[in-house]
Structure formats: structure tokens, C-alpha cells
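Please look over the sequence and the structure before reading the report below.

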Amino acid sequence: MIEGRRSEIVALVRQHGELSVTELSGLLGVSEVTVRSDLNALAQAGHVRRTRGRVSLPLDLRREAPLETSMREHSAAKRRIGQAAAALVQSGDTVFLDVGSTTSEVARALSPSLQDVTVVTNGLNIALLLERLPGVRVIVTGGTLRPLQHSLVSPYALDVLRHIHADRLFLGCNGVHAASGVTNANHEEAEVKRLMAEQAREVVVVADHRKLGVVSRAFITPLERVTTLITDRAATAPPPDVLALVKDVRAV
């Protein structure tokens, strides 16, 4: 149990870049005393770096984690979220399917019975996952490849998106916060996500509970723009201010 929690701390710090003891306590659902004890052990082992009440990765470990690594973290929760999101897609829809580990689960869960669906994606792995569906037409945005995430960003990625209006965007992110909105760790990806949100009639955010109440580096869209938030069942409910701004919150 202790080792599992400490592994989760490292994963959270890798995801968010830097966190405070208070933030980690809230995300993990344990006391700050427990978090400090875990951080002391992790820092002594060289897994994290502590400065002024905050924790980050050591300088030589701040590399972005591959998408495949993210997919293994909280995989069961992400699968449930993906299945719930995929159920929203209907024959005849045009949808944006954003890059990410949870959005990849949306692609896996799309029904083979769908007909005349167009999926526009900035994720190369997602495009390949959708090859199996005869009723789905796949449009890849193009652009510059970010290898670890298999995502396509500018230049050129935005050019395709400006010409498409979607019924629905399935949006991955690193943070969902009432005041700061939906945010992402990478600025280049956030630019693509932001335009997708502008071009979609509905925005469906798919995010596990660790991302609720968190602010990451790059702004995507205000929370008022989010139609539906699909998250997982967690020890604590979504923050009340998030619930107040997003009327359709589904915990699966």
C-alpha cells in the first residue's frame, strides 16, 4: 500500500510538473503528515526534489512520460471513462477526438455498429485504433509530430481544424479547475485543443479524479464551455465549484 501510494506520488508529480504537500494530500486523500513522510523517503531515494514546501522531479527526470506509460496508470478508471464517453457518439456524428491516454480508451470503446461517423484526431495512435471500424471515416490533422505522445501540433495542425465544425469534442487534459478552466501540461498541444473546443458544438472532458481541482501550465477553455465532464468514482466528490459550472458531471 505504501509503495503503491509513493508510486502514485511520482506519477502525479511527473504529470503536473510541481505540486505542494497540500495539493498532494487532496489528490491522494491522505493526511499531509503521511505525504511528508512519503516525500522524505522518495527524496532520499532520489525520485523527487523538495523545495520550499513543494515537490518536483529531479532535473534529470523531468522528461515527458510516453503515452504508453500514461495508459498504464489508473487504466481501469480510464477504460470506464472511455466507455461512457464512447456511448455518446451516434451514427452521423462528426467528432473531434483529442490525443491522450483516456481519449485513446474512447477510441477503443467506439461501437462497430456506428455508421457515417467522421472522427477528426490529432493522435496518430488513435487514428490507427479506428481503422477497425468500417463505419468511421478518420481525418488526421497533420502537423508536426510529438513522438512521445504520438500527437500532431503546429505548424499545419491548426489549418485543418479551422475548416471543420464538429458535433462534439472529446477532450483530454491535465487539470480541471473552476477559476482556471481546463488546462494542459504542454503549450503546443493546448493550442490544438483550444481550437478544437472553439470549433465543436459540445465539449466533453474526459479526466480521472486526480485532475479535478488541478491547474496545469497551458489554458484550453473555460469550464463554462464544458458540456459534460466524465470522471471516475473517487474517494471524494468533485469540487463543488466544478459541479456548479458543469451541469452534466458523470462519475463512472
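## Basis of the report

This is a predicted model, in which local features need pLDDT of at least 70 and side-chain atom pairs count only at pLDDT 80 or more, while totals for chains, interfaces and linings use all residues. Residues are numbered from 1 along each chain as its sequence is written, and side-chain values use heavy atoms, with hydrogens and water left out.

Helices (H or I, at least four residues) and strands (E, at least two) are DSSP runs, numbered from the N terminus. In strand 4 (residues 94-97), Thr-94 and Phe-96 point one way and Val-95 and Leu-97 the other, and all are buried, a word that means under 20% relative accessible area with a 1.4 Å probe and protein chains only.

Two strands pair if DSSP finds at least two bridges between them. Strand 4 runs parallel to strand 5 (residues 117-121), to which four bridges join it, and Val-95 stands opposite Val-119 there. Strand 4 also runs parallel to strand 9 (residues 166-171), joined by three bridges, with Arg-168 as the bridge partner of Val-95.

Strand 11 (residues 181-184) and strand 13 are joined by three bridges, and Val-182 stands opposite Thr-221 in strand 13.

Terms used
Buried means under 20% relative accessible area, exposed over 50%, partly exposed in between (1.4 Å probe, protein chains only).
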